[in-house]
Amino acid sequence: MNAVTNQPMRRIVIVGGGTSGWMSAAMMSRVLKSPDCQITVIEPPGPRGIGVGEASIPSLVSLLKTLNVSEADMMQRCEATYKLGIQFCDWVRPEHNNWHPFGVCGARIDGRDLFPFWLAEQKRSGLKKPYHSYSLHWAAALAEKSPHSFTAQSPIAQTQSYAFHFNAEALASWLRDQALATGVTEVAGFVNHTLLNDAGDVSAVVLASGEVIQGDFFVDCSGFQSVLMHKALNDPFNDWGSQLLCDRAVAFKTPGKRVIPPYTKSQAMPAGWMWNIPLANHVGLGYVYSSRFVTDDEAWSQLQAATSDIADTQATPRFLKMRVGRQTHFWRSNVLAIGLSAGFLEPLESSGIHLSQIGIEQFLKHYPQGADWSAVRDHYNSRMALIYDEVRDFVQLHYALSERVDTAFWIAAREAKLSPTLTRRLEMYDDAGTLDLLEPHAFPETSYYHLLTGSGRLPRRASALALSVDSVQIQSILSAIEQQNGQALRDLPLHEEILNRIHTPLAKAS
């Protein structure tokens, strides 16, 4: 598998376009600026996505910085709106909402999250205000505010701790334009079969037209088909269907609403959950469900019933089959898998584009200059496996914290076996309120604290270190956070106001 006769990567061939393919091309073309490096994208004809609405986490802001492009330009092209977090409706139990806002919750104290100090005060004096109530992002989402201020740089903008809702098909097209502008070559066609050399590396792909595209290095962005990593190189796929039960989705879009909330809504459903993603001109609606507990027709009926008051249920549904899990390797021989060809988790925490972006960034960070890639490749595979596995655990944690017993799906989803890592993490949290060795490219400890406290799961005791801080001092800090958040909130315009400024030029030009 690990040939040592690797050649310099002068010809990089990306198989598959879409968001992951064109993101790979755009990022690689800006980092690998050598005139000796030619990047080619082979994209099948047809749409680049389902176009019903997708969301990101804050890492997409850093992608715009990497590409040195205008945030407003991307938003205009992609129907984008801002996202400050996710609201989970009825996940824990009916009529119960909990939140996952982005960013730091309140403030960090001596380099530590606010949580242990909040917990100490909750245990010691019966503090009633929930942990998330100290989050500026939560307050801004609830007040339907923008992450940007008109007058000065807001704390949210300064920390780049906001994200976007967007039309995924439009985002792929926009990324394509960014890549082509830097010299990337595009070839239209379907890959018919793959040619391997004597060392077991991919030497070329043959298109349905008969055209042969040779390369030194290949990036597999072919989606669930994984035509290079899985089919050509026979890399084993790790199926996570026993941990994450949802394997289908049905989606459609409806005309947009006048007031656009700056957050994603996730609504619990009988056999999964429904997303509500507000775009500038449309609302993307979808139902992620388990085929073990509901048929496609039943799922579509349930989605129509749940959206009858806000959506045009005469719309044509788009059904998707999802392969949940990941490849054993992300980089094998001279093939790198990015996007769906590398792995997939249901879009509950909008991690898909993030994982593609991290996969490309980590590859470019360790881009091999020598003839032997084996050490770099092994490190990359270990790192990416850790990131994917931890994101899987975080997504599964949402189900594990549910108390619902009203349908067979929710009972089965809650009782699905947890990984040893997540089991150990929860034991440490329950005992002492600590979370050990989190991967920084997955989800931070603040995200876990929001999820756990929002479900009502609190540690048995507060840490001795937090309890050693005087109660009056903690109360003073909490009060100061509320005052600072209040001032920041007053300075933020409504989400609708800033979207009008961004999207009005687009409306005039059309």
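User: What should I know before reading the values?
Analyst: This is a predicted model, where local features need pLDDT of at least 70, side-chain atom pairs count only at pLDDT 80 or more, and totals for chains, interfaces and linings use all residues. Residues are numbered from 1 along each chain as its sequence is written, and side-chain values use heavy atoms, with hydrogens and water left out.

User: How do you know what counts as a helix or a strand here?
Analyst: Both are DSSP runs, numbered from the N terminus: a helix is H or I over at least four residues, a strand is E over at least two. By that rule the chain has 17 helices and 22 strands.

User: What makes the chain agree with a compact globule?
Analyst: The radius of gyration is taken over C-alpha atoms, and the globule rule is 2.2 Å times the number of residues to the power 0.38. For 510 residues the rule gives a value near 24 Å; the chain has 23 Å, so the two agree. The C-alpha trace spans about 70 × 55 × 50 Å along its principal axes.

User: How do you know which residues His366 is in contact with?
Analyst: Contact means heavy atoms within 4.5 Å. Leaving aside neighbours within four places in sequence, His366 is in contact with Val376 and His379. In the chain, among contacts between residues at least 6 apart in sequence, 77% join residues at least 24 apart.

User: What makes a set of residues a nonpolar core?
Analyst: The members are buried Ala, Val, Leu, Ile, Met, Phe, Trp, Tyr and Cys residues, joined through side-chain atoms within 4.5 Å. The largest such core has 161 residues, and those with the most contacts inside it are Ile12, Phe164, Phe363 and Tyr399. Helix α11 gives the most to this core, with 10 residues. Leaving aside neighbours within four places in sequence, the contacts of Ile12 include Met28, Leu32 and Phe217.

User: Why is one space called a cavity and another a pocket?
Analyst: On a 1 Å grid over the protein atoms alone, a cavity is a set of points where a 1.4 Å probe fits but cannot get out; a pocket is an open set with protein on both sides within 12 Å along at least five of seven lines. Lining residues have an atom within 4 Å of a point. Grid points are joined across faces, edges and corners, and a volume is the space filled by probe spheres set on the points. The count comes to 1 cavity of 30 Å³ or more. The largest cavity holds about 60 Å³, and the second largest pocket holds about 590 Å³.

Methods. Buried < 20%, exposed > 50% of the residue type's maximum accessible area, 1.4 Å probe, protein only.
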